[in-house]
Amino acid sequence: LKLGGRAVVVTFKPSEEAVLEDFLRKHQDGWAHPLAARVGPERLAQLFPLLQTDLPFAVRRHGLPVRPSHIEVELNRRSRSAMVHTLVKERRKLPDVTQA
């Protein structure tokens with residue numbers, strides 16, 4: 001997947017959702033996360049394992065997962081647990097090291 005490329009993942013079960021969440025946590029850029037301003041670099045590295053690597057890319061979720069509408073569920077009962085996730089591959093951001 002090229003930088004800026006998007007991948008669409010469909011999950012049907014909570015266990016599949018857990019695998020996706022684990023993948024995102026391992027490949028999400030911690031410096032770009034809102035939590036980066038509130039915790040120290042050591043804790044951030046524990047929460048975001050990607051920070052301990054030299055990979056030039058990160059993955060982030062693009063928007064909220066999409067769930068089937070009530071009409072879709074009425075037409076297809078098996079779709080009720082489905083969720084569609086969009087992931088984006090992007091360059092990693094460098095930490096803000098501005099000094100006063």
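## Charged side chains at work

A search of the whole structure turns up zero aromatic pairs (Phe, Tyr or six-membered Trp rings with centres within 6.5 Å; planes under 30 degrees apart count as stacked, over 60 as edge-to-face and the rest as tilted). This is a predicted model, in which local features need pLDDT of at least 70 and side-chain atom pairs count only at pLDDT 80 or more, while totals for chains, interfaces and linings use all residues. Residues are numbered from 1 along each chain as its sequence is written, and side-chain values use heavy atoms, with hydrogens and water left out.

**A charge over a ring**

- Lys89 lies over the face of Phe57, at 4.4 Å from the ring centre. To count, NZ of Lys or CZ of Arg must be within 6 Å of the ring centre and within 35 degrees of the ring normal.

**Salt bridges**

- How many salt bridges are there? The count comes to four, where a salt bridge is a side-chain nitrogen of Lys or Arg within 4 Å of a carboxyl oxygen of Asp or Glu.
- Arg61 forms a salt bridge with Glu21, and their closest N and O atoms are 2.4 Å apart. This pair links distant parts of the chain, 40 residues apart: Arg61 is in strand E2 (residues 57-61) and Glu21 in helix H1 (residues 14-27).
- Helices (H or I, at least four residues) and strands (E, at least two) are DSSP runs, numbered from the N terminus.
- Arg61 is partly exposed at 23% relative accessibility, and so is Glu21 at 35%. Buried means under 20% relative accessible area, exposed means over 50%, and partly exposed is in between (1.4 Å probe, protein chains only).
- Arg25 and Asp22 also meet in a salt bridge, at 3.7 Å from N to O. They are separated by about one helical turn because they sit three residues apart in helix H1.
- Arg60 and Glu90 join in a salt bridge at 2.7 Å, N to O. Arg60 lies in strand E2 and Glu90 in strand E3, so the pair ties together parts 30 residues apart in sequence.
- Salt bridges that share partners join Asp22, Arg25 and Lys26 into one network.

**A look at Glu90**

- Glu90 is found in strand E3 (residues 83-91).
- Glu90 touches Leu3, Pro56, Phe57, Ala58 and Arg60, not counting residues up to four places away in sequence; contact means heavy atoms within 4.5 Å.
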